Amino acid sequence: MFRRTIVVLLLGVACAAAGDEKDPVKDKLFAAKVAYDKEMSAFRKAADEWLDTREEAARKAGDKKASTR
C-alpha cells in the first residue's frame, strides 16, 4: 500500500511538471481571441456611431419612423 501511494504521488508530480510547458496552439488561440475581441469592439463602436448619426439626422428632418430604433 505504501508503494502505491508513492507511485501515485510521483505520477501526480510528473503530470503537474509536464503541464507547465507552454502550448503554442493555446497561445495562438488566445492571441486570435484577443484580436477578435478588439475588432468586434471597434465594429460595435462604429455601428453605434453610425446609428446615432442616422438617428440625429432623422430627428432633424422630423421623420418619426426613422428616428426610433
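The model is predicted, so local features need pLDDT of at least 70, side-chain atom pairs count only at pLDDT 80 or more, and totals for chains, interfaces and linings use all residues. Residues are numbered from 1 along each chain as its sequence is written, and side-chain values use heavy atoms, with hydrogens and water left out.

**Exercise 1. Fold and surface**

State how many helices and strands the protein chain has, and what share of its residues is buried.

Step 1. Take helices (H or I, at least four residues) and strands (E, at least two) as DSSP runs, numbered from the N terminus. The chain has 3 helices and 0 strands. Its pattern along the sequence is α-α-α.

Step 2. Buried means under 20% relative accessible area, exposed over 50%, partly exposed in between (1.4 Å probe, protein chains only). Of the 69 residues, 4% are buried.

Step 3. Accessible areas use the Shrake-Rupley method with a 1.4 Å probe; for residues, only the protein chains shown count as cover. The total is about 6900 Å². Carbon and sulfur atoms contribute 63% of that surface.

**Exercise 2. Span of helix H2**

Step 1. Gly62 follows H2 and has a positive phi, near 80°.

**Exercise 3. Salt bridges**

Count the salt bridges and list the partners.

Step 1. Apply the rule: a side-chain nitrogen of Lys or Arg within 4 Å of a carboxyl oxygen of Asp or Glu. The count is 3.

Step 2. List the pairs with their N to O distances.
- Asp37 and Lys33: 3.0 Å.
- Glu55 and Arg59: 2.8 Å.
- Lys60 and Glu56: 3.3 Å.

Step 3. Check the spacing. Asp37 and Lys33 are 4 residues apart in H2, so about one helical turn separates them. Glu55 and Arg59 are also 4 residues apart in H2. Lys60 and Glu56 lie in H2 as well, 4 residues apart.

Step 4. Recall the geometry. An α-helix has 3.6 residues a turn, so residues three or four places apart point the same way.

**Exercise 4. Exposure of the partners**
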